[in-house]
Amino acid sequence: MMKKRGKNVLRAVSFILALVMVISLADVGTAEAKTKAATKKNIVVLYFSGTGTTKATAKRIGKKTAGKVIEIKAKNPYTDADLDYGDENSRVVKEHESAASPAQSTVRPEIANLKAIKKAVKKADVVYIGYPIWLAYHNLIQCTQA
Ligand SMILES: Cc1cc2nc3c(=O)[nH]c(=O)nc-3n(C[C@H](O)[C@H](O)[C@H](O)COP(=O)(O)O)c2cc1C
C-alpha cells in the first residue's frame, strides 16, 4: 500500500517537473521571438534595371533579407532604342557623354516614384542599391537627386 502511494507521489512529482520544463522552454522561445522582433532591421532594396537582370537579383536579395524591394522607375522609361549603346545618337550615349562623369552631368533622368523611395529610405536601417553597368559606369539615373 505504502509502496503504491510512493510510486504515485513520484509520478506526480515527475509530471510537475516536466510541466515546469515545458513552460520554461516556452518562455525562452517567447523571449527569443521578442528579441528577434526588437532587433529586426528595416531593410530596403532599391534597384534600377533596364532589361531585368538587376531586378531578378534585387528580388532575391529582398527575399533573403526580408527587405522591401523598390524599383527606381524612370519618369521617361528607357526603350530598346534608348538602350542601344551602338548608336551614337541613342539616349544612353547622349546621357553618358553629357559630362566627364555622371557626378558632373547635367542629365538627371527624373524618377517617377521618388517620393515613395525617399519615404522608405528615411525609415530604413539598411539600404541596398542595385543597378546595371552602362558604358563602363553606373547609369545616370542613380545620380538623380531631389
Ligand atoms: C546601355 C548599356 C550599356 C552597357 N554597358 C556595359 C559596360 O560598359 N560594361 C559591361 O560589362 N556591361 C555593359 N552592359 C551590359 C549590362 O550591364 C548587363 O547586361 C546588365 O546585366 C544589365 O542589367 P539590367 O538587365 O538590370 O538592365 C551595358 C548594357 C546596356 C543596356
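I started at Ala 58: beyond its neighbours within four places in sequence, Ala 58 is in contact with Val 45, Tyr 47, Val 69 and Gly 130 (contact: C-beta atoms, placed from the backbone, within 7 Å).

A note on the ground rules. This is a predicted model, where local features need pLDDT of at least 70, side-chain atom pairs count only at pLDDT 80 or more, and totals for chains, interfaces and linings use all residues. Residues are numbered from 1 along each chain as its sequence is written.

Next I looked up the largest nonpolar core. I found eight residues in it: Val 44, Val 45, Leu 46, Tyr 47, Phe 48, Ala 58, Ile 72 and Ile 111. Strand E1 (residues 43-47) gives this core its largest share, four residues. Such a core is a set of buried Ala, Val, Leu, Ile, Met, Phe, Trp, Tyr and Cys residues joined through C-beta atoms within 7 Å. Buried means 20 or more other C-beta atoms within 10 Å of a residue's own, exposed means 12 or fewer, and partly exposed is in between. Strands (E, at least two residues) and helices (H or I, at least four) are DSSP runs, numbered from the N terminus.

Then I turned to the ligand. I counted 15 residues around the ligand, the closest being Ser 49, Gly 50, Thr 53, Thr 54 and Pro 132 (near: C-beta atom, placed from the backbone, within 6 Å). H2 supplies the largest share of this shell, three residues.

Ala 66 counts as exposed because it has 10 C-beta neighbours inside 10 Å.

Definitions and conventions: Two residues are in contact if their C-beta atoms, placed from the backbone, lie within 7 Å.
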